[in-house]
Amino acid sequence: MGKYLASMQHTSKPRRRGRGSSRLSSLRLASGIFIAAFLLSLSASAEDPKPKPENTIVVQIGDPVPVPKLAGSPKFWIADVIDRSANPQPELVMKARGGIFLDRQPAVIVRQALEQSLKASNLLAADANSADLIVKIYVFQFGLAQGSGLDFFGKVEFAAMVKNPKSGESVEVKAAGTSIAKAAAWKKNIEKNVQEDIEVSLRDALRNFLRGQQLKDAVGDLTKDSAAAPAAAPNP
Amino acid sequence: MRIKIYLALVALLLACATGAAGKDKVPRYKTVEAKHFTQAEGVELDPTFGDYFYAELREELKKAKLANDVIGEGETVDDADAPQSIVISGAFTEYNKGSVVKSALIGFGAGFRSLKMDANVQRRSDKQNLSAIHVHVRLDPRWKPAVMAKSAARQLVKELKDEMKKSE
């Protein structure tokens, strides 16, 4: 009997240990699941910011960019603005800190800014039929680019296909604008700096396009024939 | 005693105001154009590095107030302003990405990233070379290369400013 009891005691010890360890392991498992779920929810909220009025910025260029005198003062028509940035969320400028969103699509912002500047210089045609040159814009980058991390690096880059609808000839003109803005700690200041950064880089890109030597040369080449035709008409 | 303190404060404010007024000089040039720097053979820098350096260079030029206007690459300038306009171009001639291990084990600047560049400053109207600047920047390899672009742009503009002061 004694032997039996001794063997029971001997065998019962590991059983007790097993129950305890199973409780411990289940506790560990539960806490692990809880922590993982918490971290997942945190990362999910950090990864997918949603556009709200408080994290949406309105990008405007302010005063229109003055266009220098172009050969023959042709009238432009913006036919199409296509986003070629391959960005699945073109309105999302920054993911961190709850995200920063643009109020409109980059293509819309670029179109409006271009039309505003051309209209102010009296170079915007009323419609496509009355235009001397048709412009098709391909936006490659709009927003923040990879910088040092110590500041915000704004970059706007696009290419324009300027086409003479009469001759069918077209010339590509590239434009880019950059800007560096200070980093900030507060969300409000981050939004303000990012907005300013994108506005400056957009204005810079527009200026680079409208006041660039490339556009001047392209207009000169494309309107060469139309400028020569009226001059040649009186002398048959 | 209070009157003395007030007088001292007024004198200090006046000194600051005159100092600030003295600093507001008229820029020497009408426009300055920064071009994208090219990469010499064998230099393996990220393509985004060139863009970031270009942006930083333009920002530093704006801060330095060397010219009334810092224009973008390829922008037109009025013929009248061309003699008082400059163009900055250049190339990254040497880049060593450094070693974190060497930097951590040896220290004292061993294993640092290193970037060398040459810049030329030309007058826009007659393409005359106004100055040639050589810049060498070293940085801890744990920092991003873009940080090096920042300090390189700062150093380049500082040296350009010094050269302009000497030529005055």
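How many residues does the contact take from chain A and from chain B? It takes 21 residues from chain A and 16 residues from chain B. The model is predicted.

**Fold of chain A**
- Chain A has 5 helices and 7 strands.
- Along the sequence, these follow the pattern α-β-β-β-β-α-β-β-β-α-α-α.
- Chain A holds 236 residues, and 31% of them are buried.
- Take the contacts in chain A with a separation of 6 or more: 75% of them join residues 24 or more positions apart.

**The side of chain A that touches chain B**
- Chain A brings 21 residues to the contact.
- Four elements of chain A each give two or more residues to this side: β6 (151–163), β7 (170–182), α3 (187–210) and α4 (213–222).
- β7(A) gives the most, with 4 residues.
- By type, the residues on this side of chain A divide into 11 polar, 5 nonpolar and 5 charged.

**The helix α4(A)**
- α4 of chain A is one of the elements that give two or more residues to the side touching chain B.
- α4(A) also has buried residues: A:Leu215, A:Ala218, A:Val219 and A:Leu222.
- Seen down the axis of α4(A), these buried residues fall within an arc of 95°, so they line one face of the helix.
- What covers the buried residues of α4(A) includes β5 (133–145), β6, β7 and α3 of chain A.
- Of these covering elements, β6, β7 and α3 of chain A also give two or more residues to the side that touches chain B.

Terms used
Residues numbered from 1 in each chain as written. Chains lettered and ligands numbered in written order. Predicted model: local features only at pLDDT ≥ 70, side-chain atom pairs only at ≥ 80, totals over all residues. Contact = placed C-beta atoms within 7 Å. Nonpolar A, V, L, I, M, F, W, Y, C, P; charged D, E, K, R; others polar. Buried ≥ 20, exposed ≤ 12 C-beta atoms within 10 Å, placed from the backbone. Arc of directions from axis to C-beta.
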